[in-house]
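Welcome, and thanks for taking a look at this structure. Please have the sequence and the 3D view open as you read, and take the topics one at a time.

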Amino acid sequence: MTHVAQGSEPLGRRGERDVTMAPESWAGVGSAVASLMFLWAVVRPYFPSHLHIYLSTYTSKLVGLVYPYIEITFAEYAGERLKRSDAYIAIEAYLGATSSDRAKRLKGETDRDGSQLVLSMDEYEEVTDDFQGARVWWTSSKTTPKSHSFSIYPAPEERRFYRLTFHRRHRKLIHGSYLCHVMEEGKAIGVSKRQRKLYTNNPNYDRFEHKQLVWSHVPFEHPATFDTLAMEPDKKQDIIQDLLAFRESKEYYARIGKPWKRGYLLYGPPGTGKSTMISAMANLLDYDVYDLELTAVKDNTALRKLLIETTSKSIIVIEDIDCSLDLSGKRKSEAPSEGGSEEDKKKAVMKEDKEGNKVTLSGLLNFIDGLWSACGGERLIVFTTNHVDKLDPALIRRGRMDKHIELSYCSFEGFQVLARNYLGVGEHQLFESIRRLMEEKQITPADVAENLMRKSVGRAAEENVEACLQSLVKALKECRSKNEEETAAATETQEAKED
Ligand SMILES: Nc1ncnc2c1ncn2[C@@H]1O[C@H](COP(=O)(O)OP(=O)(O)OP(=O)(O)O)[C@@H](O)[C@H]1O
(Lines give C-alpha, C1' and ligand atoms only; values in the text may rest on other atoms or scores of the structure.)
Protein backbone atom coordinates (compact mmCIF):
# COMPACT_ATOMS: atom_id res chain seq x y z
CA MET A 1 0.00 0.00 0.00
CA THR A 2 1.66 3.23 -1.07
CA HIS A 3 0.68 6.50 0.36
CA VAL A 4 2.24 9.82 -0.57
CA ALA A 5 0.80 13.10 0.59
CA GLN A 6 1.38 16.06 -1.68
CA GLY A 7 0.64 19.74 -1.51
CA SER A 8 -1.68 21.54 -3.90
CA GLU A 9 -0.39 21.91 -7.36
CA PRO A 10 -1.22 24.73 -9.78
CA LEU A 11 -4.55 24.26 -11.43
CA GLY A 12 -4.42 22.15 -14.56
CA ARG A 13 -1.26 20.25 -13.48
CA ARG A 14 -2.81 18.08 -10.88
CA GLY A 15 -2.44 14.35 -10.92
CA GLU A 16 0.29 13.00 -13.10
CA ARG A 17 -1.34 9.59 -12.84
CA ASP A 18 -4.83 10.94 -12.76
CA VAL A 19 -5.04 13.01 -15.88
CA THR A 20 -8.64 14.13 -15.45
CA MET A 21 -9.19 17.82 -14.69
CA ALA A 22 -9.11 18.77 -11.01
CA PRO A 23 -12.33 19.88 -9.30
CA GLU A 24 -11.46 23.59 -9.37
CA SER A 25 -10.94 23.51 -13.10
CA TRP A 26 -14.64 22.98 -13.28
CA ALA A 27 -15.32 26.45 -11.89
CA GLY A 28 -16.04 27.70 -15.41
CA VAL A 29 -18.42 24.84 -15.97
CA GLY A 30 -20.06 25.74 -12.64
CA SER A 31 -20.78 29.29 -13.71
CA ALA A 32 -22.18 28.07 -17.04
CA VAL A 33 -24.47 25.70 -15.14
CA ALA A 34 -25.53 28.60 -12.88
CA SER A 35 -26.45 30.67 -15.94
CA LEU A 36 -28.44 27.77 -17.34
CA MET A 37 -30.27 27.39 -14.06
CA PHE A 38 -31.17 31.06 -14.06
CA LEU A 39 -32.48 30.73 -17.56
CA TRP A 40 -34.42 27.66 -16.50
CA ALA A 41 -36.06 29.59 -13.63
CA VAL A 42 -37.25 32.21 -16.15
CA VAL A 43 -38.68 29.80 -18.71
CA ARG A 44 -39.93 27.17 -16.24
CA PRO A 45 -43.46 28.57 -15.78
CA TYR A 46 -44.04 28.24 -19.54
CA PHE A 47 -43.15 24.53 -19.59
CA PRO A 48 -45.84 21.86 -19.27
CA SER A 49 -45.59 20.28 -15.78
CA HIS A 50 -45.22 16.66 -17.03
CA LEU A 51 -41.98 17.67 -18.77
CA HIS A 52 -40.43 18.90 -15.49
CA ILE A 53 -39.72 15.35 -14.28
CA TYR A 54 -37.95 14.35 -17.50
CA LEU A 55 -35.95 17.53 -17.53
CA SER A 56 -34.70 17.25 -13.96
CA THR A 57 -33.74 13.54 -14.43
CA TYR A 58 -31.75 14.29 -17.55
CA THR A 59 -30.19 17.42 -16.08
CA SER A 60 -28.69 15.49 -13.15
CA LYS A 61 -27.46 12.78 -15.54
CA LEU A 62 -25.84 15.47 -17.67
CA VAL A 63 -24.12 17.08 -14.67
CA GLY A 64 -22.91 13.60 -13.64
CA LEU A 65 -21.40 13.13 -17.10
CA VAL A 66 -19.53 16.42 -17.25
CA TYR A 67 -18.49 16.58 -13.57
CA PRO A 68 -17.08 13.16 -12.71
CA TYR A 69 -16.05 13.93 -9.12
CA ILE A 70 -17.65 12.71 -5.94
CA GLU A 71 -17.56 14.64 -2.70
CA ILE A 72 -17.92 13.37 0.85
CA THR A 73 -18.25 15.75 3.78
CA PHE A 74 -17.16 14.95 7.33
CA ALA A 75 -18.65 17.39 9.84
CA GLU A 76 -16.92 18.11 13.15
CA TYR A 77 -20.07 17.55 15.11
CA ALA A 78 -22.73 15.01 14.38
CA GLY A 79 -26.24 15.54 15.74
CA GLU A 80 -26.78 18.18 18.39
CA ARG A 81 -23.16 19.27 18.87
CA LEU A 82 -22.85 16.98 21.84
CA LYS A 83 -19.71 15.20 20.86
CA ARG A 84 -17.02 15.74 18.22
CA SER A 85 -17.26 13.12 15.53
CA ASP A 86 -14.66 10.34 15.77
CA ALA A 87 -14.21 10.43 11.99
CA TYR A 88 -13.44 14.17 12.08
CA ILE A 89 -10.90 13.72 14.90
CA ALA A 90 -9.15 10.88 13.05
CA ILE A 91 -9.07 12.84 9.76
CA GLU A 92 -7.71 15.89 11.62
CA ALA A 93 -4.86 13.80 13.04
CA TYR A 94 -4.20 12.12 9.69
CA LEU A 95 -4.12 15.38 7.73
CA GLY A 96 -2.21 17.12 10.52
CA ALA A 97 0.60 14.60 10.14
CA THR A 98 0.62 14.48 6.34
CA SER A 99 -0.14 18.09 5.45
CA SER A 100 2.26 20.06 7.65
CA ASP A 101 5.13 19.81 5.15
CA ARG A 102 2.93 20.00 2.04
CA ALA A 103 0.10 22.49 2.51
CA LYS A 104 0.80 26.10 1.53
CA ARG A 105 -1.22 27.71 4.29
CA LEU A 106 -0.76 26.26 7.73
CA LYS A 107 -2.16 27.18 11.07
CA GLY A 108 0.24 27.24 14.02
CA GLU A 109 -1.04 26.49 17.51
CA THR A 110 0.59 25.28 20.68
CA ASP A 111 -0.43 21.80 21.71
CA ARG A 112 -2.81 21.30 24.62
CA ASP A 113 -0.12 21.58 27.30
CA GLY A 114 1.55 24.51 25.54
CA SER A 115 4.90 22.74 25.21
CA GLN A 116 5.10 22.32 21.43
CA LEU A 117 4.05 24.15 18.31
CA VAL A 118 1.65 22.11 16.20
CA LEU A 119 1.12 22.93 12.54
CA SER A 120 -2.06 21.91 10.83
CA MET A 121 -4.00 22.65 7.68
CA ASP A 122 -5.52 26.12 7.68
CA GLU A 123 -9.18 26.69 6.88
CA TYR A 124 -10.06 26.59 3.17
CA GLU A 125 -6.68 24.99 2.48
CA GLU A 126 -6.44 21.94 0.26
CA VAL A 127 -4.03 19.03 0.18
CA THR A 128 -3.83 16.07 -2.12
CA ASP A 129 -3.22 12.50 -1.13
CA ASP A 130 -2.29 9.57 -3.36
CA PHE A 131 -3.43 6.10 -2.47
CA GLN A 132 -2.88 3.00 -4.60
CA GLY A 133 -2.75 5.08 -7.78
CA ALA A 134 -5.81 7.18 -6.97
CA ARG A 135 -5.55 10.86 -6.17
CA VAL A 136 -7.89 12.52 -3.69
CA TRP A 137 -8.29 16.11 -2.50
CA TRP A 138 -8.96 17.10 1.08
CA THR A 139 -10.27 20.57 1.89
CA SER A 140 -10.88 22.00 5.33
CA SER A 141 -13.74 24.41 5.51
CA LYS A 142 -16.45 25.86 7.70
CA THR A 143 -19.91 27.34 7.45
CA THR A 144 -21.06 30.21 9.61
CA PRO A 145 -24.84 30.31 9.92
CA LYS A 146 -26.28 33.80 9.51
CA SER A 147 -27.22 35.58 12.71
CA HIS A 148 -29.23 38.77 13.13
CA SER A 149 -27.63 41.41 15.29
CA PHE A 150 -30.96 42.09 16.99
CA SER A 151 -31.58 38.42 17.83
CA ILE A 152 -31.92 37.58 21.51
CA TYR A 153 -30.37 34.15 20.89
CA PRO A 154 -26.63 33.43 21.04
CA ALA A 155 -24.92 33.66 17.66
CA PRO A 156 -24.90 30.29 15.90
CA GLU A 157 -21.50 28.65 16.10
CA GLU A 158 -19.29 27.91 13.13
CA ARG A 159 -19.54 24.41 11.73
CA ARG A 160 -16.25 23.01 10.57
CA PHE A 161 -15.91 20.14 8.16
CA TYR A 162 -13.50 18.32 5.89
CA ARG A 163 -14.44 17.58 2.31
CA LEU A 164 -12.97 14.67 0.40
CA THR A 165 -13.14 14.83 -3.40
CA PHE A 166 -12.20 11.99 -5.71
CA HIS A 167 -12.93 10.72 -9.20
CA ARG A 168 -15.95 8.50 -9.42
CA ARG A 169 -13.96 5.67 -10.99
CA HIS A 170 -12.15 5.31 -7.61
CA ARG A 171 -15.37 5.05 -5.68
CA LYS A 172 -14.86 1.40 -4.63
CA LEU A 173 -11.27 1.94 -3.56
CA ILE A 174 -12.06 5.07 -1.57
CA HIS A 175 -15.17 3.67 0.12
CA GLY A 176 -13.47 0.38 0.82
CA SER A 177 -9.79 0.70 1.68
CA TYR A 178 -8.89 4.39 1.64
CA LEU A 179 -11.33 5.57 4.29
CA CYS A 180 -10.36 2.64 6.55
CA HIS A 181 -6.71 3.55 6.01
CA VAL A 182 -7.35 7.19 6.98
CA MET A 183 -9.28 6.18 10.11
CA GLU A 184 -6.67 3.66 11.25
CA GLU A 185 -3.71 5.95 10.61
CA GLY A 186 -5.49 8.92 12.17
CA LYS A 187 -6.36 6.99 15.31
CA ALA A 188 -2.82 5.63 15.62
CA ILE A 189 -1.35 9.14 15.23
CA GLY A 190 -3.83 10.43 17.85
CA VAL A 191 -2.77 7.74 20.33
CA SER A 192 0.96 8.24 19.75
CA LYS A 193 0.72 12.00 20.25
CA ARG A 194 -1.61 11.70 23.18
CA GLN A 195 -0.59 13.68 26.24
CA ARG A 196 -2.52 12.49 29.25
CA LYS A 197 -4.74 15.15 30.76
CA LEU A 198 -6.32 16.08 34.02
CA TYR A 199 -9.70 17.68 33.36
CA THR A 200 -11.91 19.66 35.65
CA ASN A 201 -15.30 21.24 35.05
CA ASN A 202 -15.14 25.04 34.95
CA PRO A 203 -17.70 27.71 34.16
CA ASN A 204 -17.38 29.32 30.77
CA TYR A 205 -19.31 32.45 29.71
CA ASP A 206 -20.46 33.07 26.16
CA ARG A 207 -20.78 36.60 24.76
CA PHE A 208 -24.27 36.86 26.27
CA GLU A 209 -22.87 36.06 29.71
CA HIS A 210 -24.63 32.70 29.71
CA LYS A 211 -22.82 30.35 32.03
CA GLN A 212 -21.92 26.91 30.72
CA LEU A 213 -19.84 24.21 32.33
CA VAL A 214 -17.02 22.91 30.20
CA TRP A 215 -14.05 20.67 30.81
CA SER A 216 -10.73 22.46 30.95
CA HIS A 217 -7.49 20.57 31.34
CA VAL A 218 -3.83 20.59 32.24
CA PRO A 219 -1.27 17.87 31.53
CA PHE A 220 -1.58 14.99 33.97
CA GLU A 221 1.76 14.66 35.67
CA HIS A 222 1.15 13.04 39.05
CA PRO A 223 4.05 10.67 39.66
CA ALA A 224 2.26 8.21 42.02
CA THR A 225 2.32 4.58 40.94
CA PHE A 226 1.33 1.32 42.58
CA ASP A 227 5.01 0.90 43.48
CA THR A 228 4.97 4.06 45.57
CA LEU A 229 1.61 3.26 47.18
CA ALA A 230 1.77 1.97 50.75
CA MET A 231 -0.58 -1.00 50.92
CA GLU A 232 -0.58 -4.70 51.72
CA PRO A 233 1.02 -6.47 48.72
CA ASP A 234 -1.84 -8.97 48.19
CA LYS A 235 -4.47 -6.26 48.16
CA LYS A 236 -2.40 -4.14 45.81
CA GLN A 237 -1.87 -7.06 43.44
CA ASP A 238 -5.58 -7.80 43.42
CA ILE A 239 -6.40 -4.20 42.42
CA ILE A 240 -3.73 -4.15 39.71
CA GLN A 241 -5.06 -7.41 38.24
CA ASP A 242 -8.61 -6.08 38.31
CA LEU A 243 -7.60 -2.90 36.48
CA LEU A 244 -5.54 -4.67 33.84
CA ALA A 245 -8.32 -7.19 33.25
CA PHE A 246 -10.75 -4.31 32.74
CA ARG A 247 -8.50 -2.64 30.17
CA GLU A 248 -8.29 -5.83 28.11
CA SER A 249 -12.00 -6.68 28.30
CA LYS A 250 -13.58 -4.86 25.39
CA GLU A 251 -14.88 -8.05 23.74
CA TYR A 252 -15.89 -9.54 27.06
CA TYR A 253 -18.12 -6.56 27.93
CA ALA A 254 -19.63 -6.64 24.45
CA ARG A 255 -20.35 -10.38 24.82
CA ILE A 256 -22.12 -10.03 28.16
CA GLY A 257 -24.03 -6.98 26.93
CA LYS A 258 -22.70 -4.44 29.41
CA PRO A 259 -21.20 -1.00 28.74
CA TRP A 260 -17.41 -1.11 29.05
CA LYS A 261 -17.10 0.72 32.35
CA ARG A 262 -16.35 -0.15 35.95
CA GLY A 263 -17.10 1.61 39.22
CA TYR A 264 -14.65 1.85 42.11
CA LEU A 265 -15.50 3.09 45.57
CA LEU A 266 -12.45 4.14 47.59
CA TYR A 267 -13.20 4.74 51.23
CA GLY A 268 -11.22 5.35 54.37
CA PRO A 269 -10.04 8.10 56.72
CA PRO A 270 -8.35 11.25 55.38
CA GLY A 271 -4.72 10.76 54.39
CA THR A 272 -4.91 7.05 53.64
CA GLY A 273 -4.15 7.44 49.93
CA LYS A 274 -7.47 7.61 48.07
CA SER A 275 -6.38 10.42 45.74
CA THR A 276 -2.93 8.88 45.43
CA MET A 277 -4.51 5.60 44.33
CA ILE A 278 -6.48 7.36 41.57
CA SER A 279 -3.23 8.76 40.19
CA ALA A 280 -1.64 5.32 40.40
CA MET A 281 -4.63 3.88 38.49
CA ALA A 282 -4.33 6.54 35.77
CA ASN A 283 -0.60 5.93 35.43
CA LEU A 284 -1.05 2.17 35.30
CA LEU A 285 -3.74 2.25 32.62
CA ASP A 286 -2.52 5.31 30.77
CA TYR A 287 -5.93 6.98 31.12
CA ASP A 288 -6.98 10.63 31.39
CA VAL A 289 -8.57 11.83 34.62
CA TYR A 290 -11.82 13.83 34.79
CA ASP A 291 -12.08 15.35 38.25
CA LEU A 292 -15.78 16.17 38.45
CA GLU A 293 -16.64 18.97 40.89
CA LEU A 294 -20.24 17.99 41.45
CA THR A 295 -21.18 21.00 43.56
CA ALA A 296 -20.55 23.25 40.54
CA VAL A 297 -22.93 21.29 38.28
CA LYS A 298 -26.27 23.04 37.98
CA ASP A 299 -28.59 20.18 37.21
CA ASN A 300 -28.92 16.69 35.78
CA THR A 301 -28.89 17.99 32.19
CA ALA A 302 -25.57 19.75 32.77
CA LEU A 303 -24.22 16.58 34.37
CA ARG A 304 -25.25 14.51 31.35
CA LYS A 305 -23.64 17.01 28.98
CA LEU A 306 -20.37 16.82 30.89
CA LEU A 307 -20.50 13.04 30.82
CA ILE A 308 -20.99 12.93 27.07
CA GLU A 309 -18.00 15.22 26.58
CA THR A 310 -15.66 12.79 28.37
CA THR A 311 -13.51 10.62 26.16
CA SER A 312 -12.85 6.91 26.46
CA LYS A 313 -9.71 5.69 28.25
CA SER A 314 -10.51 7.86 31.19
CA ILE A 315 -11.22 7.85 34.91
CA ILE A 316 -14.12 10.00 36.04
CA VAL A 317 -13.62 10.94 39.66
CA ILE A 318 -16.03 12.38 42.20
CA GLU A 319 -14.06 12.99 45.37
CA ASP A 320 -15.74 13.15 48.76
CA ILE A 321 -19.06 12.11 47.27
CA ASP A 322 -20.77 12.40 50.67
CA CYS A 323 -19.85 16.12 50.82
CA SER A 324 -20.70 16.86 47.18
CA LEU A 325 -24.44 16.43 47.52
CA ASP A 326 -27.02 15.67 50.12
CA LEU A 327 -27.61 12.37 48.45
CA SER A 328 -28.51 10.10 51.28
CA GLY A 329 -30.80 12.30 53.36
CA LYS A 330 -32.93 13.54 50.46
CA ARG A 331 -33.61 10.13 49.08
CA LYS A 332 -34.32 8.58 52.41
CA SER A 333 -36.71 11.31 53.55
CA GLU A 334 -38.54 11.67 50.25
CA ALA A 335 -38.76 8.13 49.07
CA PRO A 336 -41.70 6.27 50.54
CA SER A 337 -40.98 3.49 52.95
CA GLU A 338 -40.20 0.01 51.65
CA GLY A 339 -43.86 -0.89 51.76
CA GLY A 340 -44.97 2.09 49.58
CA SER A 341 -46.67 1.43 46.25
CA GLU A 342 -44.77 1.59 42.96
CA GLU A 343 -46.80 4.68 42.06
CA ASP A 344 -45.67 6.45 45.25
CA LYS A 345 -42.06 5.55 44.57
CA LYS A 346 -42.25 6.94 41.02
CA LYS A 347 -43.81 10.17 42.28
CA ALA A 348 -41.07 10.57 44.87
CA VAL A 349 -38.34 10.23 42.25
CA MET A 350 -40.11 12.66 39.89
CA LYS A 351 -40.49 15.18 42.70
CA GLU A 352 -36.81 14.84 43.42
CA ASP A 353 -35.96 15.54 39.77
CA LYS A 354 -38.25 18.54 39.48
CA GLU A 355 -36.91 20.13 42.63
CA GLY A 356 -35.22 23.17 41.19
CA ASN A 357 -31.88 23.24 39.45
CA LYS A 358 -29.77 20.63 41.06
CA VAL A 359 -28.15 17.31 40.57
CA THR A 360 -30.26 14.66 42.21
CA LEU A 361 -29.56 11.15 43.27
CA SER A 362 -31.52 9.76 40.34
CA GLY A 363 -29.51 12.05 38.02
CA LEU A 364 -26.31 10.71 39.47
CA LEU A 365 -27.47 7.10 39.20
CA ASN A 366 -28.33 7.76 35.59
CA PHE A 367 -24.86 9.23 35.15
CA ILE A 368 -23.35 5.99 36.45
CA ASP A 369 -25.44 3.38 34.74
CA GLY A 370 -28.24 4.92 32.67
CA LEU A 371 -28.43 4.80 28.90
CA TRP A 372 -26.13 7.82 28.50
CA SER A 373 -23.42 6.24 30.60
CA ALA A 374 -22.65 3.84 27.76
CA CYS A 375 -21.42 6.64 25.47
CA GLY A 376 -17.74 6.20 24.72
CA GLY A 377 -16.84 3.12 26.76
CA GLU A 378 -13.58 2.20 28.51
CA ARG A 379 -14.14 4.39 31.49
CA LEU A 380 -13.70 3.96 35.21
CA ILE A 381 -15.94 5.86 37.57
CA VAL A 382 -14.34 6.40 40.97
CA PHE A 383 -16.04 7.77 44.07
CA THR A 384 -14.08 8.56 47.20
CA THR A 385 -15.46 9.12 50.65
CA ASN A 386 -14.29 9.33 54.23
CA HIS A 387 -17.71 8.14 55.45
CA VAL A 388 -18.93 5.13 53.53
CA ASP A 389 -21.76 4.61 56.04
CA LYS A 390 -23.28 7.97 55.01
CA LEU A 391 -23.85 6.94 51.40
CA ASP A 392 -27.15 5.76 50.04
CA PRO A 393 -26.87 2.00 49.45
CA ALA A 394 -28.43 2.47 45.99
CA LEU A 395 -25.45 4.57 44.95
CA ILE A 396 -22.78 2.08 45.86
CA ARG A 397 -24.46 -1.25 45.25
CA ARG A 398 -22.44 -3.77 43.21
CA GLY A 399 -23.05 -3.20 39.53
CA ARG A 400 -22.72 0.54 40.07
CA MET A 401 -19.65 0.61 42.26
CA ASP A 402 -18.30 -2.81 41.32
CA LYS A 403 -15.25 -2.80 43.54
CA HIS A 404 -15.16 -1.39 47.05
CA ILE A 405 -11.65 -0.70 48.30
CA GLU A 406 -10.94 0.25 51.86
CA LEU A 407 -7.86 2.38 52.39
CA SER A 408 -6.98 2.28 56.00
CA TYR A 409 -4.32 3.16 58.54
CA CYS A 410 -0.77 2.26 57.72
CA SER A 411 0.26 -1.35 58.22
CA PHE A 412 3.87 -2.38 58.83
CA GLU A 413 4.01 -3.66 55.24
CA GLY A 414 2.79 -0.28 54.05
CA PHE A 415 5.46 1.41 56.15
CA GLN A 416 8.14 -0.78 54.54
CA VAL A 417 7.08 0.44 51.08
CA LEU A 418 7.33 4.05 52.24
CA ALA A 419 10.68 3.47 53.97
CA ARG A 420 12.09 2.01 50.76
CA ASN A 421 10.76 4.88 48.65
CA TYR A 422 11.50 7.76 50.99
CA LEU A 423 14.70 6.58 52.67
CA GLY A 424 15.99 3.83 50.43
CA VAL A 425 16.20 1.33 53.32
CA GLY A 426 14.69 -2.15 53.65
CA GLU A 427 15.99 -2.86 57.14
CA HIS A 428 16.96 -0.88 60.22
CA GLN A 429 17.32 -1.51 63.95
CA LEU A 430 14.31 0.77 64.64
CA PHE A 431 12.03 -1.31 62.39
CA GLU A 432 11.18 -3.74 65.16
CA SER A 433 9.94 -1.01 67.56
CA ILE A 434 8.02 0.58 64.68
CA ARG A 435 6.39 -2.79 63.89
CA ARG A 436 5.29 -3.25 67.53
CA LEU A 437 3.99 0.32 67.78
CA MET A 438 2.06 -0.06 64.53
CA GLU A 439 0.30 -3.13 65.88
CA GLU A 440 -1.33 -1.09 68.62
CA LYS A 441 -1.42 2.48 67.25
CA GLN A 442 -3.22 3.97 64.28
CA ILE A 443 -1.35 6.28 61.95
CA THR A 444 -2.26 7.28 58.41
CA PRO A 445 0.17 6.69 55.52
CA ALA A 446 0.14 10.48 55.03
CA ASP A 447 1.52 10.97 58.57
CA VAL A 448 4.10 8.23 58.10
CA ALA A 449 5.15 9.81 54.81
CA GLU A 450 5.46 13.22 56.44
CA ASN A 451 7.80 11.82 59.13
CA LEU A 452 9.92 10.09 56.53
CA MET A 453 10.46 13.23 54.45
CA ARG A 454 14.09 14.30 54.31
CA LYS A 455 14.84 16.49 57.30
CA SER A 456 17.84 18.39 56.02
CA VAL A 457 19.72 18.54 52.71
CA GLY A 458 23.21 18.68 54.18
CA ARG A 459 22.95 15.64 56.44
CA ALA A 460 24.62 12.30 55.70
CA ALA A 461 22.23 9.61 54.45
CA GLU A 462 22.44 7.40 57.58
CA GLU A 463 21.93 10.38 59.85
CA ASN A 464 18.87 11.34 57.88
CA VAL A 465 17.42 7.81 58.05
CA GLU A 466 17.96 7.71 61.80
CA ALA A 467 16.35 11.15 62.28
CA CYS A 468 13.31 10.23 60.16
CA LEU A 469 12.70 6.89 61.86
CA GLN A 470 13.12 8.46 65.32
CA SER A 471 10.61 11.12 64.33
CA LEU A 472 8.18 8.38 63.24
CA VAL A 473 8.62 6.47 66.51
CA LYS A 474 7.83 9.67 68.43
CA ALA A 475 4.76 10.36 66.29
CA LEU A 476 3.53 6.79 66.74
CA LYS A 477 3.82 7.06 70.51
CA GLU A 478 1.62 10.16 70.40
CA CYS A 479 -1.03 8.50 68.20
CA ARG A 480 -4.24 7.10 69.57
CA SER A 481 -4.33 3.38 70.10
CA LYS A 482 -6.73 1.23 68.07
CA ASN A 483 -9.04 0.84 71.10
CA GLU A 484 -9.17 4.59 71.69
CA GLU A 485 -9.86 5.14 68.00
CA GLU A 486 -12.75 2.69 67.99
CA THR A 487 -14.30 4.29 71.07
CA ALA A 488 -13.97 7.77 69.51
CA ALA A 489 -15.53 6.58 66.24
CA ALA A 490 -18.48 5.00 68.09
CA THR A 491 -19.07 8.24 70.03
CA GLU A 492 -18.95 10.27 66.79
CA THR A 493 -21.54 8.00 65.14
CA GLN A 494 -23.79 8.21 68.18
CA GLU A 495 -23.55 12.03 68.20
CA ALA A 496 -24.29 12.20 64.48
CA LYS A 497 -27.40 10.04 64.97
CA GLU A 498 -28.63 12.23 67.83
CA ASP A 499 -28.17 15.37 65.67
N1 LIG B 1 -1.20 4.72 50.82
C2 LIG B 1 -0.32 5.70 50.59
N3 LIG B 1 0.83 5.43 49.97
C4 LIG B 1 1.73 6.39 49.72
N5 LIG B 1 1.56 7.66 50.09
C6 LIG B 1 0.44 7.99 50.72
C7 LIG B 1 -0.57 7.03 50.98
N8 LIG B 1 -1.56 7.63 51.62
C9 LIG B 1 -1.23 8.91 51.74
N10 LIG B 1 -0.03 9.14 51.19
C11 LIG B 1 0.67 10.42 51.17
O12 LIG B 1 -0.16 11.36 51.81
C13 LIG B 1 -0.58 12.42 50.96
C14 LIG B 1 -2.09 12.60 51.09
O15 LIG B 1 -2.73 11.42 50.61
P16 LIG B 1 -4.09 11.42 49.77
O17 LIG B 1 -4.46 12.79 49.37
O18 LIG B 1 -3.95 10.41 48.70
O19 LIG B 1 -5.09 10.91 50.86
P20 LIG B 1 -6.68 10.86 50.79
O21 LIG B 1 -7.07 9.56 51.41
O22 LIG B 1 -7.13 11.12 49.42
O23 LIG B 1 -7.06 12.05 51.74
P24 LIG B 1 -8.44 12.89 51.77
O25 LIG B 1 -9.52 11.94 52.17
O26 LIG B 1 -8.18 13.94 52.80
O27 LIG B 1 -8.61 13.45 50.40
C28 LIG B 1 -0.17 12.00 49.58
O29 LIG B 1 0.36 13.09 48.87
C30 LIG B 1 0.87 10.95 49.78
O31 LIG B 1 2.14 11.57 49.77
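Two strands count as paired if DSSP finds at least two bridges between them. With that in mind, strand β7 (residues 126-131) and strand β8 (residues 134-143) run antiparallel and are joined by 6 bridges. Please keep in mind that this is a predicted model. The protein chain has 499 residues, of which 24% count as buried, and its secondary structure comes to 18 helices and 16 strands.

**The chain as a whole**

- Take the contacts between residues at least 6 apart in sequence: 72% of them join residues at least 24 apart.

- β7 and β8 form a hairpin, with 2 residues between the strands.
- In the turn of this hairpin you will find Q132, which has a positive phi of about 45 degrees.
- To see how the two strands face each other, look at F131, which stands opposite A134 in β8.
- β8 also pairs with strand β9 (residues 159-167), in the antiparallel sense and over 8 bridges.
- Along that pairing, K142 stands opposite R160 in β9.
- As background for viewing these strands, side chains in a regular strand alternate between the two faces of the sheet.

**A parallel pair: β13 and β14**

- Strand β13 (residues 288-291) and strand β14 (residues 314-318) run parallel, with 4 bridges joining them.
- The chain gets from β13 to β14 by way of helix α8 (residues 300-309), and this β-α-β crossover is right-handed.

- K313, a residue other than glycine, has a positive phi near 55 degrees.
- You will find K313 in the loop between α8 and β14.
- D320 is not a glycine either, yet it has a positive phi of about 45 degrees.
- D320 lies in the loop between β14 and α9.
- Because D320 has 15 other C-beta atoms within 10 Å, it is partly exposed.

**C323 in helix α9**

- Helix α9 covers residues 321-324 and contains C323.
- C323 has 13 C-beta neighbours inside 10 Å and therefore counts as partly exposed; with 12 or fewer a residue would be exposed.
- C323 and T295 are 28 residues apart along the chain, and their C-alpha atoms are separated by 8.8 Å.

**The surroundings of the ligand**

- How many residues surround the ligand? There are 16, and the closest are P270, G273, T276, P445 and A446.
- Two helices, α7 (274-285) and α16 (445-452), each supply at least two residues of this shell.
- By type, the shell residues divide into 8 nonpolar, 7 polar and 1 charged.
- Why does the ligand lie between domain 2 (199-406) and domain 3 (412-483)? The reason is that both domain 2 and domain 3 give residues to the shell around it.

Technical notes:
Residues are numbered from 1 along each chain as its sequence is written. This is a predicted model: local features need pLDDT of at least 70, side-chain atom pairs count only at pLDDT 80 or more; totals for chains, interfaces and linings use all residues. A crossover is right-handed if, with the strands pointing away from the viewer, the path from the first strand over the helix to the second runs clockwise. A residue is buried if 20 or more other C-beta atoms lie within 10 Å of its own, exposed if 12 or fewer, and partly exposed in between; C-beta atoms are placed from the backbone. Two residues are in contact if their C-beta atoms, placed from the backbone, lie within 7 Å. A residue is near a molecule or strand if its C-beta atom, placed from the backbone, lies within 6 Å of it. Ala, Val, Leu, Ile, Met, Phe, Trp, Tyr, Cys and Pro count as nonpolar, Asp, Glu, Lys and Arg as charged, and the others, Gly among them, as polar. Domain bounds come from an automatic or database domain assignment.
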